[in-house]
Amino acid sequence: MDLPCVRWQDHVAQKWSGLDPELKETFPSLHELDDVFKCALSLTNQQDLDAVQSISAGYSVKKDPGEAAKCREKGNCSFKARDYKAAALHYSQGICFAPRSSEQLPLCYANRSAALYHLQHFQECLDDIDRALNTGYPSHLSKKLQERRAHCENHLSVREKTLKGPRVPVSNVDKCSENVMPSSEALFGISPQVSVRSSKEKGCHLVALKRITAGQVILSDRPFSWVLIPGIEKVKGQRGREQGTQRETVFGTEHRRCHRCLAETLCAVACEGCSFSRYCSPACQREAWEEHHHWECPLGADLAAMGVMAQLALRVTLKAGIENIQVARQTVRDEQKNSEQYNPYLTVFHLLHHIEQQSASFRFLCAVTVATLYLKLSKADSLPLSWKSNDAPSASSRSSDGPEKKGGDTGWSSELWVVGSAVLRHMLQLRCNAQAVIALQDTGSQTSQVHSTEEIRIATAMFPTLSLLNHSCSPNTSLVFSTGTDADPCVSQESVGFSQRVLGEGRQGRGVGVTVRAASAISPGEEILHCYGPHSTRMRTQERQRLLRQQYYFLCECEACSVQEEEPRESSGNESGLLCSKCKGALKKNRENGFTCSVSTCGHQTSSADVNHKLQEVRAALEKAVELMEREIPVEALHHLKRTRSQSGVILGETHPLQGELADATARAYASMGDWKNAATHLERSAVATSSQYGKDSLELGQQLFKLVQLHFNGGARAPALSVIPKVRRILSLHCGPHCPELQELNAMEECLQGTTF
């Protein structure tokens, strides 16, 4: 959840309703963040702290050996069903719950090593064997671990015959840094072909100085800070074939990804203080602890109740430190452009917070939330090191009316209210400046030969440089996010000459990043634009403008909105994507909020309610077919899909999005049965709908065509595969760069096909 949980929102809403009428009238007139925070801090009391404690009890992140045992049992069930990925994730969850002294800890490590062995993750298996033995694994059971160790070492020696010397002990392994690019190569910044401009109407924005070709990197950025979103990405465990009615195991983002660099991991390194946070390596664990988790760990349940926005705002402040905050408070927006050393926090600090446009009740919710966290944090044993500064300018020299610290807690002077004010600033900023970090997730069965994907939010972040891009409903850029060590290899080459003072010093190639490329040719003087969410291929103009005004407080007048206002969508071809059930002519919206056949000799009419009802039936039938495929019953799924198309009562045109989904599901069913030719035929139909919905150069189309190449390759259709490969290469290079994993696989298939005679 981005906002605080409903119970906390209700508590603050009651507090707002019970305010003194005079104060309730005064609060909305407070537009200075310092005043808003000081007011909220003066109103926050023990009742609020008790409410947080009560609410957070439902978000417990404490170690629990009983829960660890339950997770281990679930892992054992998945292991017996040969679902080794799910087993590894269950064992990892058990490791996170197990206290250091618990007997469950070594047992979970040992069991996870077995799952990793079957997944052929031999080095990780050896690491877990070491961990099991080092945490008290029963000596009478250690023989099987030693046998497993011998098997792993044998596999590794066969795989890497040139490997010499002793294996590095697990305590010294830094998995993230194994493939880290030197900092001199992993550069991030803005292309020299782009300039930062500023105007009253547009604020800071980017403009092309020279012609930028499609696919060229415009900027690469690292977020100043980010927070993983729990429970969004649903990673499914397999379901036993004989147990079709058994409920699937579903893992969220928090179970599958490193809470520091967001890399996927099956062998998490647990936080020693809580059961929630986990990491892909000791290095990520250490970095997170030093930067923010040392202070977040005791507040884990409170932060879960307060939501992602509050946690990210606090995390940004913890990373910045009081000295940066004090400097930022004295720095005029954009003044740093003339400085030799760029401070990314200053960019973050001066992002617009739009306090005047946000409702009084929302401001009050944010302010009381931050004030409560401030008071909770003030009860910590000591201050974060980043909040101590002997030579920074005194905040009290600028303002002496900060609230006095009550309770006599050591280290919390009256000037530290500026820290709370900064957290409030960042929480309000996030409504308009938060950037979703996106990852592609397979939506089909793990055993399917053709996997469908969808975009999933895995984190919320604040990017210093990306925030300079203004919105367009039809943007001229494409964004690709990287996590862990999956940074785009081509960025180090394409970023040569990038302006490092715009973003800051080179950073290690580890963590979260975004690469922005030109989605089309950009002329000199043209603004660099990026879509904030509402896209012209997915929403009507009025809906987009409503959403943008509601969240970002501006009326969009981009080219897509202007053109579509002048030329209504109804004037285009078969905009509905539906065909008349009488004559198969195109259905068009009429003024009576229904549909009329466009063929003059037919003129058949049907109501929107009737059409929507039939489309919902098709959608439900499609979901049923997908469920059958996930249960590995493709023949029944295929029959279900055929019945759906013939009995739907509404004829879908080839460009209708639902037609594309039906065709994609049918292709997956045929592929599961090994019928590559029919699978490819239906995937081609899906690609037609995808192209119509998203565009002929869209990443979505590239992904569909990539799957089409795989089908042709599997079916030995040499000529069709070779004919599609150039289209896929062009689209994926445009959006993901010339060295993305899909293109590497594409090149391998092409090389194989060119050297093969069928």
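**Helix crossing, α15 and α16.** I looked up how α15 passes α16 and found a right-handed crossing (left-handed if the near helix is turned anticlockwise from the far one by less than a right angle, right-handed if clockwise). The model is predicted; local features need pLDDT of at least 70, side-chain atom pairs count only at pLDDT 80 or more, and totals for chains, interfaces and linings use all residues. Residues are numbered from 1 along each chain as its sequence is written, and side-chain values use heavy atoms, with hydrogens and water left out.

I took helices (H or I, at least four residues) and strands (E, at least two) as DSSP runs, numbered from the N terminus. Two packed helices are described by the angle between their axes and the distance between the axes. Helix α15 spans residues 360-378 and helix α16 residues 417-433; their axes come within 9 Å and cross at roughly 140 degrees. Axes are lines fitted to C-alpha atoms, for helices over the stretch in contact, and angles run from 0 to 180 degrees between N-to-C directions. α15 and α16 are therefore oblique to each other (under 35 degrees is roughly parallel, over 145 roughly antiparallel, 65 to 115 roughly perpendicular, the rest oblique).

I then listed the contact (heavy atoms within 4.5 Å). From α15 it includes Phe 362, Cys 366 and Tyr 374; from α16 it includes Trp 417, Gly 420 and Arg 431.

I checked α13 (residues 308-330) next. It packs on α16 at an angle of about 125 degrees, with the axes 8 Å apart. α13 and α16 are therefore oblique to each other. α13 also passes α16 in a right-handed crossing. Among the α13 residues that meet α16 are Met 309, Leu 312 and Ile 325; among those on the α16 side are Trp 417, His 426 and Leu 430.

**Sheet.** I traced an open sheet of 4 strands, order β1-β4-β14-β13, with antiparallel pairing (two strands pair if DSSP finds at least two bridges between them). β1 (189-190) and β13 (477-482) are the edge strands, each pairing on one side only. β13 and β14 (residues 513-518) run antiparallel, joined by 6 bridges. Phe 481 has Val 514 in β14 as its bridge partner. Helix α26 (residues 718-736) packs on the sheet and touches β13 and β14; its direction makes about 125 degrees with that of β14.

**Whole chain.** I noted 27 helices and 20 strands in the protein chain. Of its 758 residues, 53% count as buried (under 20% relative accessible area; exposed is over 50%, partly exposed in between; 1.4 Å probe, protein chains only).
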